[in-house]
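I opened this entry to record what I looked up in one model, element by element. My notes follow the display.

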Amino acid sequence: MTDATAYDGYESWKGWSETSFMVPTPMDNAYFDLEMRAIPVSGEHVLEIGFGNGRFLGWAKARGAQVYGTELSEQGRTFAAAHDVVVLPIDLAQSLDTHRARFGVIAAFDVLEHLSFDAIRTMLDHIATLLRTGGYCVVRFPNGQGLLSGLHQSGDYTHVSTLSASIMSQFVSGTVLEIIRADSSAMPNHGIARKVRGVARQGFETMLCRLYEIRAPLGPNLTVVLRKKEGAA
């Protein structure tokens, strides 16, 4: 995320555009409904780190959130400003004083894998400062312990780090952040075919975990929900 030259043409490759900015599809809405279950959004200050084409911001704004974001892409920052998104500097350190303990939700979908471990630790420290007590941080990344994570991890040359639920627990050990959920990323089961695949996939993962006596989500992407502990400064 810090080497801008590595992202030349990234918006085009991703298919990001002004017409689709902050316009989540029905599948996007179903996905975010699942990932954000039990996390209050309405009336909250919500920050998305690396908002890309703004689909999560669009989902959150439609549900009554005041939305903020950071994005390396100049094009994305321009689109966001035109849609009343409060755009913060990509370096979160520059926002610590003005936005300390402001946010109820901070999200980073498909961001951490673009960073080194040192940069991830620093970002998590900054997130902890920006979250209010009891606030949530939701992150998604290719699951380094997943069955098919290579499809996502190796599909983008800007990916730097391989992550897992276990590694995330190391990052937050001894900090004001705690993991409250770490699961394979949601896959909305719209339609009979998707429902059948979902049941088969869950059964297969359960069988493998029992066969090899392991306890780890095996989906290709992992979503981790963190919470800032009560009483934390």
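I began with the packing of helix H5 and listed what its buried residues contact (heavy atoms within 4.5 Å): strand E1 (45–49), strand E4 (103–109), strand E5 (131–142), helix H7 (165–172), strand E6 (177–184) and strand E7 (221–228). Helices (H or I, at least four residues) and strands (E, at least two) are DSSP runs, numbered from the N terminus. The model is predicted, so I note that local features need pLDDT of at least 70 and side-chain atom pairs count only at pLDDT 80 or more, while totals for chains, interfaces and linings use all residues. Residues are numbered from 1 along each chain as its sequence is written, and side-chain values use heavy atoms, with hydrogens and water left out.

The buried residues of H5 are Ile120, Met123, Leu124, His126, Ile127, Ala128, Thr129 and Leu130; buried means under 20% relative accessible area, exposed over 50% and partly exposed in between, with a 1.4 Å probe and protein chains only. I then checked the length of H5 (residues 117–130): at 1.5 Å a residue its 14 residues should span 20 Å, and the end C-alpha atoms are 20 Å apart, which agrees. The expected span is 1.5 Å times one less than the number of residues.

Next I traced the sheet. It is open, has seven strands in the order E3-E2-E1-E4-E5-E7-E6, and its pairing is mixed. Strand E3 (86–87) and E6 are the edge strands, each pairing on one side only. Two strands pair if DSSP finds at least two bridges between them. E4 and E5 run parallel and are joined by six bridges; phenylalanine 103 has leucine 131 of E5 as its bridge partner.

How many residues of E7 are buried? I found eight of eight, so E7 is largely enclosed by the rest of the structure. On one side these are Asn221, Thr223, Val225 and Arg227, and on the other Leu222, Val224, Leu226 and Lys228. E7 pairs with E5 in the antiparallel sense over seven bridges, with leucine 226 as the partner of cysteine 137. E6 and E7 are also antiparallel, over seven bridges, and glutamate 178 stands opposite arginine 227.

Last, I looked up glutamate 11 in helix H1 (residues 10–14).
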